[in-house]
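Please read the points below with the sequence and the model side by side. They begin with the overall fold and then turn to a handful of individual residues.

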Amino acid sequence: MQVEAHLQKIIEQDGKVHLTLIDPASQTPERAVEIALAAVEGGTDAIMIGGSTGASGTILDETVIKIKEKVNVPTILFPGSSAGLSSYADAVFFMSLLNSRDLGYVITNQVLGAPLVYRSQIEPISMAYLVVEPGGTVGWIGDAKLIPRKKPDIAAVYALAGKYLGMHYTYLEAGSGADAPISPEMIGAVKHVLGENKLIVGGGIRDAITAKLCASAGADMIVTGTIVEEVKDVTAKVAEIVSAIKS
Ligand code: 1GP
């Protein structure tokens, strides 16, 4: 399956893409499958699998394998390091945390992970990963020089640099569970310089209104993670967000 081409087609058809993030460290593989199935029923377009801490090894492989067995949408790895790779997934966001002070998150983990991607059938999707205040766990672990929330221009020049380096996607990350998502001003400024290149926005998006605001400001893809782990009715929550961004 050509995942990037598949997502492109969805954007052409529906305007926007919804991605559900599942952290294998947060629940059993069985529960992860239930969440993924419910999210797909709610209309999510792909399942992202990853996390900053603990999303590796057996729990990661089992989660990917079990989700792939049951769901009919692509599985995309969202690795916190080279340990976040699993040869069972369809694709990987092959990402560089461009605003990290630690070279490990900019290039070394990518070098360590590249041979596994080369040997396996996982499709790499190149991505500039930008962590914005408050940044959450990934900001701390990734030693990010957090982009100030109220400085859209700084995010825009990072995104432009990523685009000129050949990255197809840019991910504006406020941090999982952030109390405020990326501002519409920052999303607009980044999408303006990206043009046709794809913009993913995530962190702190919990409801339809917020998701719609981010999508209308220029996000091509909206990620929700924490909320699907918290709500009882995952299908209804995802459906609410999906219908808001695709309408
Ligand atoms: C985290 O952007 C994602 O990497 C999703 O954030 O968990 O807040 O939805 P939430």
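The numbered points that follow describe the whole chain and then selected positions.

1. Basis of the note. This is a predicted model, in which local features need pLDDT of at least 70 and side-chain atom pairs count only at pLDDT 80 or more, while totals for chains, interfaces and linings use all residues. Residues are numbered from 1 along each chain as its sequence is written, and side-chain values use heavy atoms, with hydrogens and water left out.

2. Overall form. The protein has 10 helices and 8 strands, these being DSSP runs numbered from the N terminus (helices H or I, at least four residues; strands E, at least two). With 247 residues, a compact globule would have a radius of gyration near 18 Å, and the 16 Å of the protein agrees with this; the radius is taken over C-alpha atoms, and the globule rule is 2.2 Å times the number of residues to the power 0.38. The C-alpha trace spans about 45 × 40 × 30 Å along its principal axes.

3. Buried residues make up 53% of the 247 residues, where buried means under 20% relative accessible area, exposed over 50%, and partly exposed in between (1.4 Å probe, protein chains only). Of the contacts with a separation of 6 or more, 72% are between residues 24 or more positions apart, a contact being heavy atoms within 4.5 Å.

4. Thr 20 lies in strand β1 (residues 17–22) and counts as buried because its relative accessibility is 0%; its side chain makes a polar contact of 2.8 Å with the side chain of Thr 44. A polar contact here is a pair of N or O atoms within 3.5 Å; within protein, one must be able to donate a hydrogen and the other to accept it, and residues adjacent in sequence count only if both atoms are side-chain atoms. Thr 224, in strand β8 (residues 221–224), is buried at 1% relative accessibility, and its side chain has a polar contact of 2.8 Å with that of His 18. Thr 20 and Thr 224 are also in contact with each other.

5. Lys 198. What is the relative accessibility of Lys 198, and is the residue buried or exposed? Lys 198, in strand β7 (residues 198–202), counts as buried because the value is 8%. Its C-alpha atom is 6.5 Å from that of His 168, 30 residues apart along the chain, and its contacts beyond four places in sequence include His 168, Tyr 169, Asp 220 and Met 221.

6. Phe 78. This residue is found in the loop between β3 (75–77) and β4 (91–97), yet Phe 78 is buried, with a relative accessible area of 8%. The C-alpha atoms of Phe 78 and Met 48, 30 residues apart along the chain, are separated by 6.0 Å, and among the residues that Phe 78 touches are Met 48, Phe 93, Tyr 129 and Tyr 171.

7. Backbone details to check. A cis peptide bond, with omega about 5°, joins Glu 133 and Pro 134, and Pro 134 lies in the loop between β5 (123–131) and α5 (136–141). Asp 143, in the loop between α5 and α6 (152–164), has phi near 45°, a positive value in a residue other than glycine; Asp 143 is partly exposed, with a relative accessible area of 32%.
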